[in-house]
Amino acid sequence: MTVTSIEKNIGALTMTANAEFDATAQRVWELWADPRQLERWWGPPTYPATVESHDLRSGGRVVYYMTGPAGDKSHGYWEVVETDPPRALVFRDGFANDDGSPNNDLPGTTARVTIQEIGNGRTRMSIESIFPSAQAMEQILAMGMEEGLKQALGQIDAILARDLVTRGQRS
């Protein structure tokens with residue numbers, strides 16, 4: 001199982017998803033750094049992501065949307081605060097309107113991603129979401145953030161397994 005735990009701390013206004021993968025830290029970082037790979041897992045299977053622009057440098061911006069089963073689109077963006085490849089990424093994650101402008105009617109979060117090799121060819125990735133208020137945390141969790149993140153992270157093992165198959169075919 002990819003996701004090892006989801007920890008919510010109402011007092012600290014955080015939710016942390018922890019996952020482990022049979023891959024190096026560099027390979028796990030590539031899941032964030034390559035927009036085509038990010039599209040393969042960012043968003044639950046029924047709401048796949050399309051990345052429109054991707055600048056993962058500090059001060060950069062990532063713009064994306066997720067398409068639902070009925071063709072509805074949910075737009076979002078990241079304002080990249082800090083990167084330390086392949087160990088860390090910090091970004092402000094916000095909802096956007098159809099034209100890409102920030103949707104200030106919905107609260108954003110700050111995400112802190114840490115990637116750490118834990119031995120035996122395995123890597124742990126943690127995504128800590130920091131909410132601006134208890135009300136914002138309650139609202140975003142009620143929208144399905146926890147389950148959506150579990151489903152999104154649950155897709156990564158298949159991506160990494162395809163790497164092994166592809167590598168094996170080239171040998």
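**Entry 1: pocket**

I began with the lining of the largest pocket, which by class has 16 nonpolar, 12 polar and two charged residues. For these classes I count Ala, Val, Leu, Ile, Met, Phe, Trp, Tyr, Cys and Pro as nonpolar, Asp, Glu, Lys and Arg as charged, and the others, Gly among them, as polar.

I note that this is a predicted model, in which local features need pLDDT of at least 70 and side-chain atom pairs count only at pLDDT 80 or more, whereas totals for chains, interfaces and linings use all residues. Residues are numbered from 1 along each chain as its sequence is written, and side-chain values use heavy atoms, with hydrogens and water left out.

I looked up the volume of the largest pocket and found about 740 Å³ of space. Of the 30 residues that line this pocket, Pro44, Tyr64, Met66, Phe95 and Met145 are the closest to its centre. The elements that give two or more residues to the lining are strand 4, strand 5, strand 6, strand 7, strand 8 (122–130) and helix 4. Helix 4 provides the largest share, six residues.

For the terms, a pocket is, on a 1 Å grid over the protein atoms alone, an open set of points where a 1.4 Å probe fits, with protein on both sides within 12 Å along at least five of seven lines; lining residues have an atom within 4 Å of a point. Grid points are joined across faces, edges and corners, and the volume is the space filled by probe spheres set on the points. Helices (H or I, at least four residues) and strands (E, at least two) are DSSP runs, numbered from the N terminus.

**Entry 2: aromatic pairs**

I searched the whole structure and found 10 aromatic pairs. Rings of Phe, Tyr and Trp (its six-membered ring) pair if their centres lie within 6.5 Å; planes under 30 degrees apart are stacked, over 60 edge-to-face, and the rest tilted.

I looked up tryptophan 32 and tryptophan 42, which form a tilted pair at 5.8 Å centre to centre, with 55 degrees between the planes. This pair links distant parts of the chain, 10 residues apart: tryptophan 32 is in helix 1 (residues 25–33), tryptophan 42 in the loop between helix 2 (35–39) and strand 3 (49–54). Tryptophan 32 counts as buried at 0% relative accessibility, and tryptophan 42 is buried with a relative accessible area of 11%. Here buried means under 20% relative accessible area, exposed over 50%, and partly exposed in between (1.4 Å probe, protein chains only).

Tryptophan 42 also pairs with tyrosine 64: the ring centres are 6.2 Å apart and the planes stand at 90 degrees, so I record this pair as edge-to-face. It again links distant parts of the chain, with tyrosine 64 in strand 4 (residues 61–67), 22 residues from tryptophan 42. Tyrosine 64 is buried, with a relative accessible area of 7%.

**Entry 3: salt bridges**

I find 11 salt bridges in the structure, each a side-chain nitrogen of Lys or Arg within 4 Å of a carboxyl oxygen of Asp or Glu.

Arginine 92 and glutamate 79 meet through their side chains in one of these, at 3.1 Å, N to O. The pair links distant parts of the chain, 13 residues apart, with arginine 92 in strand 6 (residues 88–96) and glutamate 79 in strand 5 (residues 73–84). Arginine 92 is partly exposed at 41% relative accessibility, and glutamate 79 is partly exposed at 28%.

Aspartate 55 and arginine 57 form a salt bridge at 2.8 Å, N to O. Aspartate 55 is partly exposed at 23% relative accessibility, whereas arginine 57 is exposed at 58%.

Glutamate 146 bridges to lysine 150, with the closest N and O atoms 3.8 Å apart. Both lie in helix 4 (residues 145–153), four residues apart, about one turn of the helix. I also noted a network of salt bridges that links Glu20, Asp22, Arg122 and Arg124.

I looked up threonine 109, which lies in strand 7 (residues 109–119) and is buried at 8% relative accessibility. Not counting residues up to four places away in sequence, threonine 109 touches Phe91, Arg92, Asp93, Ile130, Phe131 and Ile140, where contact means heavy atoms within 4.5 Å.

Threonine 14 is in strand 2 (residues 14–21) and is buried at 9% relative accessibility. With residues up to four places away in sequence not counted, the contacts of threonine 14 include Glu128, Ser129, Ile130, Phe131 and Met137.
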